[in-house]
Amino acid sequence: MRQDALRHKLLTRRAAMLAGGQALLLAAIGGRMYQLQIAQSEHYTVLADENRISLRLIAPVRGRIVDRFGVALADNRQNYHLVIVPEQAGDIGATLDALEALIEVSETDRRRVLREVRRKHSFVPVIVRANLSWDEMARVEVAVPELPGVSIDQGVTRHYPFGEITAHVLGYVAAVSEQELDGDPLLELPDFRIGKSGVEKAQDANLRGTAGTSQVEVNALGRVVRELARVAGKPGQDAVSSLDVVMQQFVTRRCSTEQSVACVLLDAITGDILALVSSPGFDPVPFSTGLSSAMWQELSNDPRKPLSNKVIAGVYPPGSTFKPVVASAALTAGVLTPETSFTCPGYLAFGNTTFHCWRHGGHGTLRLRDAIKKSCDVFFYETARRVGIDRLAAMAHRFGFGGLLGLDIPGERPGLIPTREWKFATTGGAWSQGETLIAGIGQGSVLATPLQLATMVARLVTGRAVIPRLVRPEGLMLPGGDRGPSDFPSLDLAPRTRALVVDGMNAVVNEQGGTAYAARIPNPGLAMGGKSGTSQVRHISDYERAHGVRKVRQVPWKQRDHALFVAFAPVSAPRYVCATVVEHGGTSGGGGSAVAAPICRDILLEVQRRDPSRRVPAENGVAALDTARNQPGPRGG
Amino acid sequence: MSGLTSDFGRELGFIEKLRGISWGLVVLVLVAASCGIAVLFSAADGNMQPWASAQMIRFAIALVPMLGAAFLGIRSWFRVAYWVYALALALVVAVDLRGFVGMGARRWIDLGLIQLQPSSLMNIALVLALARYFHVRTEEEVARIRFLVPPALMVLIPAALVLKQPDLGTAIMLLLTGAALFFIAGMRLRFFALMGFAVAAAAPTGWHFLRDYQKNRIYTFLDPESDPLGAGYHILQSKIALGSGGFFGRGFLNGTQSHLSFLPEKQTDFIFTTLAEEFGFVGGVALLALYMLIVGYGFVIALRCRSFFGRLLGLGIVTNFSLYVFINTAMVMGLIPVVGVPLPLISYGGTAMLAVMFGFGLVLNVGVHREVRFNRKGELQPD
């Protein structure tokens, strides 16, 4: 038994050692707990919060675009999506069957829903149908209590109340592309839309607004458990367009009588573009929601170029509408006085070439005023020859040709004013004087946009370097009227020069024998002045010249001349300027006056009646203040 | 005391056994299990379903084998010790042959009504068998190496089988528990040194037998932040949960890591983290103190027993229990690699609860029969 006692003693000793070892382990565990839970607790608390707290962006409401009187041209419309939350729905197939009894669910939608359900977490809502109609929504809404997991989600889409009418000015919004990511986290939101052209693009930064944030608690799978905090974002600011949408509608309607027209209506003093129509237009909605390739093909293959804003991106030989520039250059250079007269026998022989006047028999002997009135080509060949291309190009640039005007929406094209340097750079050849002659009637290499033509007239009648604009940073038109920015720099053109040219343009319309006499406004207070132009798209062959030009109907549309007209009104105190180009709308000769001039006349008559630069129109039966009388008279003229 | 001492020659009556039970230990076990149920309630976002109520029922059921084990005569346990061991080993083999795979490892056996994880019962069976073996051997024999071969095999065979399942955690538990019993039984310390060398020599070969995921766990343990979304995710999230608990914890039902599912296995292996996130350092230390009380209580009971078998049995089971606690807590704190052992009495799991309660039944048994002495053949023995 002594042996037993010894053995017990050994066991007790060993047990004590074991207990000691366990105490050490316990101390190690306690030490580790101290380290994690007390010493490094803050560090791990931060990590725990990073785990569970997720910052989500809330997209701000995009600002509206309104016209000068506050009429909404682009706003946001609520739309309704039908969504399924798979984990609540249970049998997705059965739910879809039940929905099919209520609304149309295509086979494609069905397959997409089933695919998304498999891929995503079961708590992530899957869109079954986007953009439900009001009727469809009502039908689903009634059935929702019997359909677990089915709900109706609200979204926002961009809405253009005037659709096609304002499409070229406003542009459209669409999903953000890779290149457009600029560091603004908003752009990474999956459904975010960004301005792609027009005012939508130019004003995107203001319209976009700033993102709000929502601090949410998420679990390990990313499911939102609850919202912890919310910082409201700033909605985008409204952008005020210079358009008067009533005029815009009027001009659109007026232009729709022709196949393809570019027309712009300017306030000559402020540069405000009151209407800008490139007809035909396009429907902006599919660009934001998704354009089918067939639709895209149709739009981009149309020879009338509905997607192009022809007012700012269409370049045309200005033809005789360029003559006021030539006249101004000649008067400024002193190579011509109002009394200088040339004789037009119907052609001008120069070197080996014969330059024809549009009028076969010629105009006889005439001075500047009649030359403008009758648009004599020979007179302007001779004038251009005397001025020379260098002074002519310089004057053209002063009027806004041959370069970007600096319009406040993207897409403007510069057109072209040929010079010696340009000729050498493009062909390597020397400038020939014949080209100067051709430039003198706005043909040859001279190219201009309709907006440049309108700007030229605005500069001519005001004497200032007016820059057209589509956005009014100062906001809406106030009832007190619109003085407009008077800080356009002076054009440095002698008032007498301007008066002579403007007088010639008055004669074009308002005197018998003027090319556009047929399109005159008989009311003397509203009379317009203008200049017609017909620009050749193709060369007139000697054969045609000898045998008579074919009738318009015999020439394919694409080969017919462009008809142009630029105009201002009222003649007494010019305020409104209109430029119209009817593509392939003219016959040779008086095309501009026959086709484009009546369009300008109707528009200028309507705009003077409405007077959107000086008056806030009557609304809701309340007459607007007639402030026109209290306004200082417009400059220029 | 004196009454029992003089009555060594006869079996104890039911009332005597009832009085001999260490009710203090039963209460401590009850308290620990209640803590576990509370944490399971929280882990289910404040619901009794699916874990807390099931655990309560299991605990209630496990009280029966616990008290059964306490009341059976200690000499009967001595006699059936090898048979229990053989039965447990057979179950482990059966799992290897026909058990089903759960959570990527073949550990479970379906006994119709319940699904059993025999490897956790193996721990208790091993302690019983080793206690009997060393009770039979004399001190001189234990000092000789050839008498250590059979018990060594008793440890290594089930450990190897369990490792093959693969269940590294239980295999390590079996090895450590076996080693602890060798130590208590009086094996020469130099043999331990020898075993240490042997293990060191065998380690590279053993490494070869580890599954890839087990190797990964060891890599991850060495550098947990190297792969925060992969293998290191569990341990990192566990440390975040513990650390963010701080001194007083986030409050009952307010643990974000566990409730938002960042914490893996929050109701089983990582339940200590769930508790310590919500109750903080204070709660964690309190639970460890409770465990310490239970272990201490077990040591006292075992050391007051007069039979060598009883002492070994009591110490072995209590040591096994405390090893579970240490390995589990050290694992969730990132002190050792993740090996997948539950926290006894707290973790959700039927077989583990059953095994632990059965083990405490045996500890109580040792206490009840502390005056019973018997010889190498199990015959009663006078002083």
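**Exercise 1.** Determine whether B:Phe358 is buried or exposed, and identify the aromatic pair that B:Phe358 forms with B:Trp77.

*Solution.* Step 1. B:Phe358 has a relative accessible area of 17%. Buried means under 20% relative accessible area, exposed over 50% and partly exposed in between, with a 1.4 Å probe and protein chains only; B:Phe358 is therefore buried.

The model is predicted: local features need pLDDT of at least 70, side-chain atom pairs count only at pLDDT 80 or more, and totals for chains, interfaces and linings use all residues. Residues are numbered from 1 along each chain as its sequence is written, chains are lettered from A and ligands numbered from 1 in the order in which they are written, and side-chain values use heavy atoms, without hydrogens and water.

Step 2. Rings of Phe, Tyr and Trp (its six-membered ring) pair if their centres lie within 6.5 Å; planes under 30 degrees apart count as stacked, over 60 as edge-to-face and the rest as tilted. The count over all chains is 22 aromatic pairs. In one of them, B:Trp77 and B:Phe358 are edge-to-face, at 5.6 Å centre to centre and 65° between the planes.

Step 3. B:Trp77 belongs to helix α5 (residues 74–98) and B:Phe358 to helix α16 (residues 350–368), both of chain B, so the pair ties together parts 281 residues apart in sequence. Helices are DSSP runs (H or I, at least four residues), numbered from the N terminus.

Step 4. B:Trp77 is also buried, at 9% relative accessible area.

**Exercise 2.** Classify the pair B:Tyr133 and B:Phe134.

*Solution.* The ring centres are 5.6 Å apart and the planes lie at 85°, so this pair is edge-to-face. Both B:Tyr133 and B:Phe134 are buried.

Definitions and conventions:
Helices (H or I, at least four residues) and strands (E, at least two) are DSSP runs, numbered from the N terminus.
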